[in-house]
Amino acid sequence: MWLHLASYIAKIAEKLGCADGPYPDNPLPSEFVLFHPWELKGAGEEDKPLPGKEDPLLDKAGQKRFQQIVGCLNYISHATRPDIGFAVNQLSRACHCPRKRHLAYVERVGAYLAGTADWGLHFKKECGTHLECFTDANYGHDGTKKSTTGLFLNFAGGPVYWTARKQDRLTSSTCDSESQAMMTVVHYVEHATDQLEELGCMQTAPTPVYNDNSSAVKFSTDPLAHNRSVQLARAMPY
């Protein structure tokens with residue numbers, strides 16, 4: 001089974017004027033900055049930008065265009081395109097105060113989709129009916145000191161659930177943010193397992209959860225190490 005939104009993406013690309021390219025290789029550029037320090041609430045005099053580095057807020061027409069594009073991208077992301085999930089998650093945080101660069105970013109995501117319009121979800125019977133999960137975290141990267149959890153649930157060779165969301169609490173290290181992500185993933189796995197059971201697809205083996213942080217993996221498999229980390233986190237002032 002192959003699921004895609006090629007025709008819908010083509011219509012959006014026509015509206016954005018990027019149907020004929022150029023097409024970027026990724027949704028966001030390497031120099032992507034969601035918020036500069038001087039754009040955050042509570043910024044002080046020391047956070048003022050250098051002359052010429054200011055990025056003005058969009059006017060009402062620009063804000064409306066930005067919000068409309070984010071809405072379209074959000075639908076596409078949740079339907080068949082997990083590869084733009086992180087980009088949409090980040091840019092949606094600027095909907096209340098979009099700036100010129102934010103509009104350029106969402107238009108770039110639209111151009112990226114135009115160049116990969118026929119990408120989608122592919123499910124194969126021969127891949128079996130066992131869940132597997134991948135998770136990662138981006139430690140306090142966007143100036144708000146909140147890490148971002150990314151997770152990916154695979155079934156029959158294709159993704160059935162994915163998300164990129166800000167974590168609920170502050171974390172003190174990369175290991176802490178990765179552990180928080182793995183803890184969140186467990187709840188999603190339990191929910192997906194229950195849903196599959198209702199559909200008559202019982203999971204006869206434990207669901208593997210993959211993570212690239214060795215310390216977080218150790219904490220998740222060693223109860224004593226986990227207890228020590230929890231006690232340390234509680235003792236640290238925020």
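This is a predicted model: local features need pLDDT of at least 70, side-chain atom pairs count only at pLDDT 80 or more; totals for chains, interfaces and linings use all residues.

Colleague: How many helices and strands does the protein chain have?

Modeller: Seven helices and six strands. These are DSSP runs numbered from the N terminus, with helices (H or I) of at least four residues and strands (E) of at least two. From the N terminus on, the order is β-α-α-α-α-β-β-β-β-α-β-α-α.

Colleague: And what share of the 238 residues is buried?

Modeller: Buried residues make up 39% of them. Buried means under 20% relative accessible area, exposed means over 50%, and partly exposed is in between, using a 1.4 Å probe and protein chains only.

Colleague: Let's look at helix H1. Which of its residues are buried?

Modeller: H1 covers residues 6-16, and Ala6, Ile9, Ile12, Ala13 and Leu16 are the buried ones. Seen down the axis of H1, they fall within an arc of 125°, so they line one face of the helix. That arc is taken from the directions from the helix axis to the C-beta atoms.

Colleague: Why does that spacing work?

Modeller: An α-helix has 3.6 residues a turn, so residues three or four places apart point the same way.

Colleague: What does the face turned away from the buried side carry?

Modeller: The exposed residues Ser7, Lys11, Glu14 and Lys15 are on that face of H1. Over on the buried side, the cover includes strand S1 (2-4), helix H2 (60-79) and helix H4 (100-115).

Colleague: New topic: which residues lie nearest the centre of the second largest pocket?

Modeller: Phe86, Gly150, Leu151, Thr163 and Ala164, out of 16 lining residues. Strand S4 (148-155) is among the elements that supply at least two lining residues, and S4 gives the most, with five.

Colleague: One last thing: where is Ala192, and what does it touch?

Modeller: Ala192 is found in helix H5 (residues 174-198), and it is buried, with a relative accessible area of 12%. Not counting residues up to four places away in sequence, Ala192 touches Leu131 and Leu153, where contact means heavy atoms within 4.5 Å. Its C-alpha atom is separated by 9.4 Å from that of Val160, 32 residues apart along the chain.

Conventions: Residues are numbered from 1 along each chain as its sequence is written. Side-chain values use heavy atoms; hydrogens and water are left out. On a 1 Å grid over the protein atoms alone, a cavity is a set of points where a 1.4 Å probe fits but cannot get out, and a pocket is an open set with protein on both sides within 12 Å along at least five of seven lines; lining residues have an atom within 4 Å of a point.
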